[in-house]
Amino acid sequence: MLKKFFLVVCGSFVGVFLALLFFTLTAVIASFVIFGSMSSKMSPKIEKNSIMYVKLEGTLNERDGVGNTSMLSLMSNKGVSQSLSTLLKSLKIAKEEDKIKGIYLDCRGMASGMSSLYELREALKDFKKSKKFVYAYGDESIMQSDYYLASVADSIFLNPEGLVDVHGLAAATPYMKKLLDKVGVNMQVVRVGTFKSAVEPYMLESMSDANREQQEHYLGSLWSVISSDIAKSRDIDANRFAALTDSVMITMSSKELKANKLVDRICYRSEFEDKLRELTDVEKKDDLNLVSPGDLVSSNDDPLGTGGDIVAVLYADGEIYSGTNKGGGMTSVNNDGIYSEDFANLIRELQYNDDVKGLVLRVNSPGGSAFGSEEIWKALEDFKAAGKPFAVSMSDYAASGGYYISSGAQRIFAEPLTITGSIGIFGMIPNASNLFENTLGVKFEEVSTNTNAIAGTYYKPLTEQQTNALQQMVNRGYETFTGRCAKGRNVSQDSIKTIGEGRVWDAVTAKQIGLVDEFGGLEAAVKWVAKQAKLSDGDYSVNNYPNLEMSFLDLLNSMQGKKLEAEMQQRMGLFYNSYEQLQFVMRRDRMLCLMEPLEINF
């Protein structure tokens with residue numbers, strides 16, 4: 001009787017589970033169909049006197065498909081994300097499209113890296129050569145990143161109660177040694193490079209003089225570019241703009257902002273859009289003909305041609321890990337990193353693909369695994385040895401391991417606001433013996449056959465012999481790293497060591513010291529590779545790799561992961577970044593080429 005009861009209960013549970021699974025899958029599939037049909041119906045038609053509407057909101061990703069589907073955004077409660085690649089393509093199309101009369105920048109607060117904004121701003125400047133208008137509007141506030149883009153507009157319009165926040169750059173690094181001491185964890189660090197500061201938060205209570213020196217240098221250089229661009233576009237004296245930046249600009253009234261030439265007109269959004277109606281011959285009672293960047297791109301052919309020959313653009317986006325992504329694919333839609341084995345295999349596929357005539361590696365990475373970086377470097381060297389041109393286009397970051405994989409390129413392109421360098425290496429092993437024994441009351445007893453059978457465990461400190469051995473290993477890694485850079489840059493290894501030492505550089509300085517060849521974005525790198533491969537404009541296509549298409553299971557896992565991440569961020573607040581860094585430390589390789597994680601207030 002009891003056995004039968006348990007069988008009935010278990011059967012009921014299984015039935016309920018299967019029913020819930022069925023209804024969940026059905027709901028998601030139905031949602032895809034509904035949203036797909038809705039998006040097709042809602043897609044505005046490109047008509048005469050249209051305006052390209054750029055909504056500066058959410059996150060700016062490198063390319064389409066990275067954490068960006070309408071379903072994924074809606075179901076994970078995340079803001080809308082858009083891609084730099086789509087925006088740049090749409091601006092080129094809009095410049096030549098007679099039906100597009102101008103651009104409407106809607107400033108709502110878009111999160112982006114500085115180099116990406118620079119590249120987008122340069123594209124807006126190029127669009128203005130068409131003599132079409134570019135207007136920007138801000139309601140509640142125009143944040144600094146949006147203002148950097150808006151400053152290139154013909155006019156900036158602001159709500160009467162709106163604010164403008166331009167404040168300069170600041171980088172905040174959380175130092176956690178006291179916290180680790182309190183919980184009984186000691187970070188055992190071996191490193192090469194005076195400026196290799198990624199380990200500092202775990203071994204020091206405050207910033208070192210060397211780290212402060214490098215941060216002051218590159219932040220100062222980055223802000224020099226940004227402030228100069230804004231002051232020039234707004235026709236404000238550089239010293240005057242510096243004074244305005246230091247005046248707590250966010251507290252200024254809209255009238256003060258206008259008086260100081262920071263905005264041009266004060267009006268409500270409805271009045272601003274009436275102005276756009278006048279410019280495009282649209283009646284006040286009718287809606288504006290607004291066209292999104294995505295719709296504009298999808299309605300036009302690729303301007304770079306569709307020939308049989310291919311210039312491959314390979315995106316190296318995120319932290320570098322050794323091995324393979326067991327979850328599937330070399331990089332997920334969550335942009336959780338670059339997996340060296342998968343990435344190297346794809347490079348080899350491109351090498352042996354006869355249609356691929358050249359490669360642009362688009363790097364947006366702070367580095368990561370030293371072994372993973374070496375594995376990717378070797379695959380790129382093999383590609384180059386096959387006689388195919390290879391260039392690097394640096395995005396926001398191409399530092400440490402990100403520079404390692406870039407160093408062998410025949411031409412390195414970057415933007416003035418790119419952060420690069422950080423040629424250094426370190427190892428870090430947590431020692432939690434105090435936590436286990438004195439706090440938790442857990443004692444580990446050991447039985448071993450050799451002296452170092454238990455080395456590098458979390459519950460026992462390194463011996464002097466083990467520490468010295470690890471230091472020698474790190475030293476070898478640094479010799480390899482600097483050797484790769486010297487070979488790729490065609491300079492002596494000593495000259496690389498002089499500018500190495502783990503120091504982070506802004507791209508303006510990096511170009512002066514030979515780490516970067518040329519200023520320019522992805523398009524410039526593609527054209528260089530095409531020229532080296534003797535390809536004519538229009539006779540080749542540009543294909544992006546890796547493929548970011550998601551399976552149904554990947555989508556479900558991604559939504560679940562994003563939901564959990566959002567909940568943790570909400571509950572932990574400011575402590576989330578520290579928690580995330582500790583988790584990274586526990587799962588990373590022991591030897592790393594990694595730039596310190598920075599919170600740059602932009």
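In which hand does H4 pass H8 in their crossing, left or right? I started my notebook with that. I was working from a predicted model. H4 passes H8 in a left-handed crossing.

**Entry: H4 and H8**

I looked up the two helices. H4 covers residues 114–127, and H8 covers residues 209–234. Their axes come within 12 Å and cross at roughly 30°. Angles under 35 degrees count as roughly parallel, and H4 and H8 are therefore roughly parallel to each other.

Next I listed the residues that touch. From H4 I noted Met 114, Tyr 118 and Arg 121. They meet Leu 222, Val 225, Ile 226, Asp 229, Ile 230 and Ser 233 in H8. I sorted this contact by class and got six nonpolar, one polar and two charged residues.

**Entry: H3 and H4**

H4 has another partner in my notes, helix H3 of residues 84–96. I found the axes of H3 and H4 9 Å apart, at an angle of about 5°. H3 and H4 are therefore roughly parallel to each other.

On the H3 side I wrote down Leu 84, Leu 87, Leu 88, Leu 91, Ala 94 and Lys 95. On the H4 side I wrote down Ser 116, Glu 119, Leu 120, Ala 123, Leu 124, Asp 126 and Phe 127. The contact of H3 with H4 divides into nine nonpolar, one polar and three charged residues.

**Entry: H13 and H14**

Which residues of H14 does H13 meet? I found Gly 372, Glu 375, Ile 376, Ala 379, Leu 380, Asp 382 and Phe 383. The H13 residues that meet them include Phe 343, Ala 344, Ile 347 and Arg 348. I classed the residues of this contact as eight nonpolar, three polar and four charged.

**Entry: backbone in the loops**

Most residues other than glycine have a negative phi, and most peptide bonds are trans. I looked for departures.

Val 248 has a positive phi of about 55°, although it is not a glycine. I placed Val 248 in the loop between helix H9 (238–245) and helix H10 (254–259).

Asn 490 also went on my list, with a positive phi of about 60°. Asn 490 sits in the loop between helix H17 (464–489) and helix H18 (493–499). Is Asn 490 buried or exposed? At 70% relative accessibility, Asn 490 counts as exposed.

Then I checked for a cis bond. The peptide bond from Tyr 545 to Pro 546 is cis, with omega near -5°. Pro 546 lies in the loop between strand S23 (538–545) and helix H21 (552–572).

**Entry: Leu 440**

I found Leu 440 in the loop between helix H16 (433–439) and H17. Leu 440 counts as exposed at 53% relative accessibility.

**Entry: the whole chain**

The chain has 22 helices and 25 strands. Of its 602 residues, 49% count as buried. The chain exposes about 28,600 Å², and carbon and sulfur atoms supply 53% of that area. I also looked at contacts between residues at least 6 apart in sequence. Among these, 76% join residues at least 24 apart.

Notes:
Residues numbered from 1 in each chain as written. Predicted model: local features only at pLDDT ≥ 70, side-chain atom pairs only at ≥ 80, totals over all residues. Heavy atoms only, no water. Axes fitted to C-alpha atoms, helices over the stretch in contact; angles between N-to-C directions. Helix = DSSP H or I, 4+ residues; strand = E, 2+ residues; numbered from the N terminus. Parallel < 35°, antiparallel > 145°, perpendicular 65-115°, else oblique. Left-handed = near helix turned anticlockwise from the far one by under 90°. Contact = heavy atoms within 4.5 Å. Nonpolar A, V, L, I, M, F, W, Y, C, P; charged D, E, K, R; others polar. Buried < 20%, exposed > 50% of the residue type's maximum accessible area, 1.4 Å probe, protein only. Areas by Shrake-Rupley, 256 points an atom, 1.4 Å probe, with all protein chains shown as cover.
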